[in-house]
Amino acid sequence: MATIRPFAALRPPRDYAEQVSSLPYDVMNHEEACRMAAGNPSSFLHICRADIDTSEAEIHEPVTYEKSRENLAEFLRKGFLVRDAAPYYYIYRQIMWGRVQTGIVGCASVDEYLNNTIRKHELTRKEKELDRICHFDTCSAQTEPVFLAYRKHEGISAAVREWIKFHKPEYDFTTDDGVTHILWPVTDPEVVESIRRGFEEVPTLYIADGHHRTASSAAVSAKRRAEHPDYTGQEEFNYLMAVTFCDEDLFIMDYNRVVADLNGLSKEGFLAAIGDKFEVRPAAEAPHAPRAKHEYGMCLGGQWYSITAKPGSFDEGHPIDSLDCAILQANLLAPILCIDDPRTSPRIDFVGGIRGLAELQERAGAGGVAFALYPVTMADLFRVADSGEIMPPKSTWFEPKLRSGLFVHEIER
């Protein structure tokens with residue numbers, strides 16, 4: 001049984017929604033954040049990236065987290081954010097390239113994250129966790145949501161369809177990246193209750209994106225529980241803000257690899273070396289996108305190839321070993337190019353599919369090699385998470401990204 005409960009969000013009035021909203025805190029560097037927020041005092045980046053108001057050198061210092069708290073209070077004072085009068089769900093729709101995904105904004109249970117009802121598929125880095133722990137704790141708010149997924153539940157889907165059919169959206173705007181964002185607050189108590197009950201029939205939730213935010217929310221919850229030993233479990237700090245999507249709506253893009261060199265091999269030597277585990281054919285088109293699992297597009301010396309993992313080079317029955325990124329790592333990147341740890345090697349780079357395959361060729365240059373991977377599926381993600389395994393690094397790239405600033409969850413008032 002999964003818990004997704006309504007909450008009274010801090011969110012912008014309709015006329016401010018577009019200018020308050022921002023990209024997530026972790027998809028830009030300091031300079032990019034400064035440029036994005038330039039001339040816009042209501043940009044949510046002043047809250048989720050308050051280093052734009054302190055300095056790059058102080059990005060992880062207490063002064064920056066305190067500035068986030070001050071800016072959040074200032075947004076409330078100026079009316080850039082307003083607190084809803086009662087706990088609601090919020091239906092959040094995104095449209096990108098004509099494809100629609102519709103999620104429900106609510107609060108998931110920290111305890112269900114701890115007991116694995118909310119399942120993960122990635123490792124987290126302590127320094128990234130600590131950053132959001134300090135941010136959420138100082139602000140007494142979860143300023144950006146976690147991205148959760150669940151297997152389709154018809155009752156929830158029907159409630160969402162009916163609400164959208166008979167109600168006008170509160171927000172409807174398109175951002176510079178071409179993504180449309182639409183939001184409907186669900187204010188009818190009976191519909192709120194039907195959605196809540198629907199989630200009670202969902203056995204498992206999955207973290208699609210936002211592993212660090214989830215872990216950080218759980219850490220802040222533990223801290224608040226220690227500070228309030230008489231807590232009941234109903235306090236807001238026991239819950240974490242999430243947008244929860246049906247799996248059928250979600251789209252995972254390819255997450256590709258570029259290696260800066262051939263580990264001392266010539267082009268001919270490299271092609272000969274990979275032929276033991278891969279069928280190698282010149283591609284009929286350039287760039288070449290793989291058409292099925294276990295096929296890769298490879299750009300080498302400006303020429304594109306189709307390479308396909310040979311039978312016996314991987315275990316199709318294993319949830320990790322059968323992933324294309326794992327097959328590539330085990331049969332090519334590690335043994336031939338000596339990329340033993342892709343998390344730390346300076347010779348490998350990762351390119352999200354949103355950037356296109358032409359960028360792979362450009363980054364590979366004359367002396368490197370690039371690999372275009374077939375995208376991981378939601379079924380792959382569920383299979384890994386259900387088995388308790390962890391995906392290799394840089395396995396999934398979700399688009400579009402959740403917009404920040406459209407809802408904030410206060411964890412203590």
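## Cysteines, a helix and the whole chain

The sulfur of Cys139 lies 9.9 Å from the closest cysteine sulfur, in Cys48, and that is too far for a bond. A disulfide needs two cysteine sulfur atoms within 2.5 Å. Keep in mind that this is a predicted model.

How many disulfides does a search of the whole structure find? The search finds 0. Cys107 is in no disulfide either. The nearest cysteine sulfur to that of Cys107 belongs to Cys139, 16 Å away.

Are Cys107 and Cys139 buried or exposed? Buried means under 20% relative accessible area. Cys107 has 0% relative accessibility, so Cys107 counts as buried. Cys139 has 7%, so Cys139 counts as buried too. The table sets out the values.

| Cys107 | Cys139, 16 Å | 0% |

### Helix 7

Helix 7 runs over residues 154-166, which makes 13 residues. At 1.5 Å a residue, helix 7 should span 18 Å.

Which residues of helix 7 are buried? They are Ile156, Ser157, Ala159, Val160, Trp163 and Ile164. These residues cover an arc of only 160° around the axis, so they sit on the same side of helix 7. The face turned away from that buried side carries the exposed residues Lys165 and Phe166.

What do the buried residues of helix 7 pack against? Their partners include four strands: strand 4 (89-96), strand 5 (99-109), strand 8 (146-150) and strand 10 (180-186). Helix 8 (189-200) is also a partner.

### The whole chain

The chain holds 13 helices and 21 strands. Its radius of gyration is 23 Å, close to the 22 Å that the globule rule gives for 413 residues, so the chain is as compact as a globular protein of that length. Along its principal axes, the C-alpha trace spans about 70 × 45 × 45 Å.

Of the 413 residues in the chain, 54% are buried. The chain exposes about 17,600 Å². Carbon and sulfur atoms supply 50% of that area.

Consider contacts between residues at least 6 apart in sequence: 77% of them join residues at least 24 apart.

Technical notes
Residues are numbered from 1 along each chain as its sequence is written. This is a predicted model: local features need pLDDT of at least 70, side-chain atom pairs count only at pLDDT 80 or more; totals for chains, interfaces and linings use all residues. Side-chain values use heavy atoms; hydrogens and water are left out. Buried means under 20% relative accessible area, exposed over 50%, partly exposed in between (1.4 Å probe, protein chains only). Helices (H or I, at least four residues) and strands (E, at least two) are DSSP runs, numbered from the N terminus. The expected span of a helix is 1.5 Å times one less than its number of residues. The arc is that of the directions from the helix axis to the C-beta atoms. Contact means heavy atoms within 4.5 Å. The radius of gyration is taken over C-alpha atoms; the globule rule is 2.2 Å times the number of residues to the power 0.38. Accessible areas come from the Shrake-Rupley method with a 1.4 Å probe; for residues, only the protein chains shown count as cover.
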